[in-house]
Amino acid sequence: MAIIARKPESQFEPCPAGLHQAVCIDVVDLGVVKSAFGERHKVEIRWQVDLVNEKTKRRFDVRRWYTLSLHEKANLRKDLECWRGRKFTEQEMQGFDLEKLLGANCQIQVIHNLSDEGSTFANVQAIVPYNPKQGPKLAPQEYKRQKD
């Protein structure tokens with residue numbers, strides 16, 4: 001009798017591409033991670049968007065990894081300044097608590113990329129401030145923080 005291995009069918013559906021209203025649902029400390037540029041302390045910011053996945057009946061979520069740095073060239077600093085709509089003050093540069101982001105609304109631009117295996121995944125390309133004209137602020141739904 002043959003023993004056949006197959007590639008599993010993915011049930012994962014990525015967040016649709018486009019500009020979405022979102023709320024920050026978690027900030028996760030990933031610790032020190034090896035990268036092409038050496039070891040870096042990484043964090044992951046997670047958002048829920050205003051669209052509901054018809055299969056799961058839950059909101060889509062998206063995530064982005066950052067090096068934990070407010071250096072002028074760091075993506076974390078660039079995205080936070082865009083999200084907040086202002087530059088960091090010198091006092092904030094001495095230490096900014098990322099947990100202040102929990103529950104904060106914004107708009108995120110989601111793009112789709114293909115993995116080497118041909119799977120589609122969603123990436124956060126840009127973050128801009130929440131626009132009240134978009135509607136009421138979002139509150140997190142059905143999410144338990146990773147640290148909990």
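Predicted model: local features only at pLDDT ≥ 70, side-chain atom pairs only at ≥ 80, totals over all residues.
**Exercise 1. Describe how β4 connects to β5, and how many bridges join them.**

Step 1: Find the two strands. β4 covers residues 105-114 and β5 covers residues 120-129.

Step 2: Count the bridges. There are 9, and the pairing is antiparallel. As one example, Asn113 has Phe121 in β5 as its bridge partner.

Step 3: Look at the link. The two strands form a hairpin with 5 residues between them. Within that turn, Gly118 has a positive phi of about 95°.

**Exercise 2. Is Glu44 buried or exposed, and what does its side chain meet?**

Step 1: Glu44 sits in strand β2, residues 38-53.

Step 2: Apply the cut-off. Buried means under 20% relative accessible area. Glu44 has 7% relative accessibility, so it counts as buried.

Step 3: Check for polar partners. The side chains of Glu44 and Trp65 are joined by a polar contact of 2.9 Å.

Step 4: Look around. Setting aside residues up to four places away in sequence, Glu44 touches several others, including Asp26, Val28, Leu30 and Arg63.

Step 5: Compare with one of those partners. Leu30, in strand β1, is partly exposed because its relative accessible area is 27%. Beyond its neighbours within four places in sequence, Leu30 contacts Lys42, Val43, Glu44 and Trp65.

**Exercise 3. Find which residues of helix α1 are buried and what they pack against.**

Step 1: Take the helix, residues 75-84, and pick out its buried residues: Leu76, Arg77, Asp79, Leu80, Glu81 and Trp83.

Step 2: Keep the helix geometry in mind. An α-helix has 3.6 residues a turn, so residues three or four places apart point the same way.

Step 3: See what is on the other side of the contact. The buried residues of α1 pack against β1, β2, β3, α2, β4 and β5.

Step 4: Follow the chain past the helix. Gly85 comes after α1, and its phi is positive, near 75°.

Notes. Residues numbered from 1 in each chain as written. Heavy atoms only, no water. Helix = DSSP H or I, 4+ residues; strand = E, 2+ residues; numbered from the N terminus. Buried < 20%, exposed > 50% of the residue type's maximum accessible area, 1.4 Å probe, protein only. Polar contact = N/O pair within 3.5 Å; in protein donor to acceptor, adjacent residues only side chain to side chain. Contact = heavy atoms within 4.5 Å. Pairing = 2+ DSSP bridges.
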